[in-house]
Protein chains: 2
Amino acid sequence: MTDKLNRLLNKLGHQFADADLLKRAITHRSAGSRHNERLEFLGDSILSLVIAETLYHRFPEVSEGDMSRMRATLVREKTLAELAREFELGDYLILGPGELKSGGYRRESILADTVEAIIGAIYLDAGMEVTRTLLLNWYAPRLDEIRPGAEQKDPKTRLQEFLQGRRRPLPSYVVVKVKGEAHNQEFTVQCEIEGIASSVIGVGSSRRKAEQAAAEKALEQLK
Amino acid sequence: MTDKLNRLLNKLGHQFADADLLKRAITHRSAGSRHNERLEFLGDSILSLVIAETLYHRFPEVSEGDMSRMRATLVREKTLAELAREFELGDYLILGPGELKSGGYRRESILADTVEAIIGAIYLDAGMEVTRTLLLNWYAPRLDEIRPGAEQKDPKTRLQEFLQGRRRPLPSYVVVKVKGEAHNQEFTVQCEIEGIASSVIGVGSSRRKAEQAAAEKALEQLK
């Protein structure tokens, strides 16, 4: 294992018995056939269970709906990409030439998928108990902060409720730009709200994500 | 524990150390505040991981997409309701008076949710290893049968491909009836295909499910 990978291992908090598993976990599909998509499938399930179980025990009185929303917040792409940036994962990704050139090491979806693949790899390397302990470490500040209720609503819903509560007209969303190829598009959406002078712009890998990003910015301006 | 519940335990293959967990797992929300929805949330995650892990090891060469589709087939409502009927779970459900009258013990969604809740209860009662072993027993014939590939496609997709392959016009779906209250609706959808004389009807708890049910019936008539 190289010095570079050792730094990643230290950040993750796990020494792999089987170094090939880590290598596979950080290999994007664009870089060859031994890529991380199967590990990602496994890691997604493991993360989902560990978070579900933790919420179940931490919030003994909270409804299934609120637990679902909290879990969605904790396992969504945005949160996983934040974790990836804490690990400086972009520096270690193994990408194909196309993805390298187009800045794949910064793309949230690739970063998030790789975190899931790493979780799958740790699980295969060391089992459930080790994986659970690590995940709870990674998630400790987020688990301490998370609360059931409104904050789990998505930005578009919160923006709509904010405006409705003030009897103001609802926002409209317009796609102003789409660039890139089919599986790698970038959408730019403008959120228009009566009474906000400057236009609010959101960018994302899908129309929905771009709208949510725009709504989040609009909320910041309004509040 | 009553004789009746003992019969259920024998079918499930697990003796509960904490009998209250089983009672809660079979209690529908309509029957009071100590109902099974939180257990269902937990059970859903556990099932998802156990199936993901099993598919990962059984199909070492299969893509993430095919594993996803196989898992979806194995954990969908229809499959869980089949398991519920194997356990004769309808005889043990604890339902509120409204659900009792409207035949809730036969409804697929209630049966499927209860199976998930029972999985959550077994996990809390006995841990991951016991739960995994049981689930692999329950699923043994289905796991032996499942294959990656086309058969995992949903009925609407298969119907569309079937018709396209024969250069025939595509089906249309029309909602012909909606009954029941908000969280408990029943949709009836008619699937219209040129060249099928009799109309094909599907019923489900959502428009999508009713359409899938109609497509499945249409496929049976066509093949």
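Before looking at a helix, I note how its expected span is worked out: 1.5 Å times one less than its number of residues. This is a predicted model, so everything below is computed from it.

**Entry 1: helix H4 of chain A**

I started with H4(A), residues 64-75. The helix has 12 residues and runs 16 Å from its first C-alpha to its last, close to the 16 Å expected at 1.5 Å a residue. Next I asked which residues of H4(A) are buried. The list reads Gly65(A), Asp66(A), Met67(A), Met70(A), Arg71(A), Thr73(A) and Leu74(A). These buried residues pack against H3 (37-58), H5 and H7 of chain A, together with H3 of chain B.

Arg69(A) makes a salt bridge with Asp66(A), with the closest N and O atoms 3.0 Å apart. The two are separated by about one helical turn, because they are three residues apart in H4 of chain A. Asp66(A) is on the buried list, whereas Arg69(A) is partly exposed, with a relative accessible area of 38%.

**Entry 2: other salt bridges**

Side chains of opposite charge can pair when their charged atoms come close. How many salt bridges does the structure hold over all chains? I get 30.

I looked up Asp144(A) with Arg58(A), whose side chains meet at 3.2 Å, N to O. This pair links distant parts of the chain: Asp144(A) is in helix H7 and Arg58(A) in helix H3 of chain A, 86 residues apart. Arg58(A) comes out at 41% relative accessibility, so I log this residue as partly exposed. I also noted a network of salt bridges that links Glu53(A), Glu129(A) and Arg132(A).

**Entry 3: around His35 of chain B**

Where is His35(B) found? It is in the loop between helix H2 (19-25) and helix H3 (37-58) of chain B. Its side chain reaches the backbone nitrogen of Glu37(B) at 3.2 Å. Leaving out residues up to four places away in sequence, His35(B) touches Arg24(B), Thr27(B), His28(B) and Arg29(B).

Two of these neighbours pair with each other: Glu37(B) forms a salt bridge with Arg29(B), the closest N and O atoms being 3.1 Å apart. Is Glu37(B) buried or exposed? Its relative accessible area is 18%, and the cut-off for buried is under 20%, so Glu37(B) is buried. Arg29(B), at 39%, counts as partly exposed.

**Entry 4: aromatic rings**

My search of the whole structure found two aromatic pairs over all chains. Phe87(A) and Trp138(A) make an edge-to-face pair, 4.8 Å centre to centre with 65 degrees between the planes. They join distant parts of the chain: Phe87(A) is in the loop between helix H5 (77-86) and helix H6 (97-101) of chain A, and Trp138(A) is in helix H7 (residues 108-145), 51 residues apart. Both Phe87(A) and Trp138(A) are buried.

In chain B, Phe87(B) and Trp138(B) have ring centres 4.8 Å apart and planes at 65 degrees, so I call this pair edge-to-face. Phe87(B) is buried at 6% relative accessibility, and Trp138(B) is buried with a relative accessible area of 8%.

I finished with charges over rings. Lys156(A) lies over the face of Tyr173(A), at 4.8 Å from the ring centre. Arg166(B) lies over the face of Phe162(B), at 3.7 Å from the ring centre.

Note on methods. Residues are numbered from 1 along each chain as its sequence is written. Chains are lettered from A and ligands numbered from 1 in the order in which they are written. This is a predicted model: local features need pLDDT of at least 70, side-chain atom pairs count only at pLDDT 80 or more; totals for chains, interfaces and linings use all residues. Side-chain values use heavy atoms; hydrogens and water are left out. Helices (H or I, at least four residues) and strands (E, at least two) are DSSP runs, numbered from the N terminus. A polar contact is a pair of N or O atoms within 3.5 Å; within protein, one must be able to donate a hydrogen and the other to accept it, and residues adjacent in sequence count only if both atoms are side-chain atoms. Contact means heavy atoms within 4.5 Å. Rings of Phe, Tyr and Trp (its six-membered ring) pair if their centres lie within 6.5 Å; planes under 30 degrees apart count as stacked, over 60 as edge-to-face and the rest as tilted. Buried means under 20% relative accessible area, exposed over 50%, partly exposed in between (1.4 Å probe, protein chains only). A charge sits over a ring if NZ of Lys or CZ of Arg is within 6 Å of the ring centre and within 35 degrees of the ring normal. A salt bridge is a side-chain nitrogen of Lys or Arg within 4 Å of a carboxyl oxygen of Asp or Glu.
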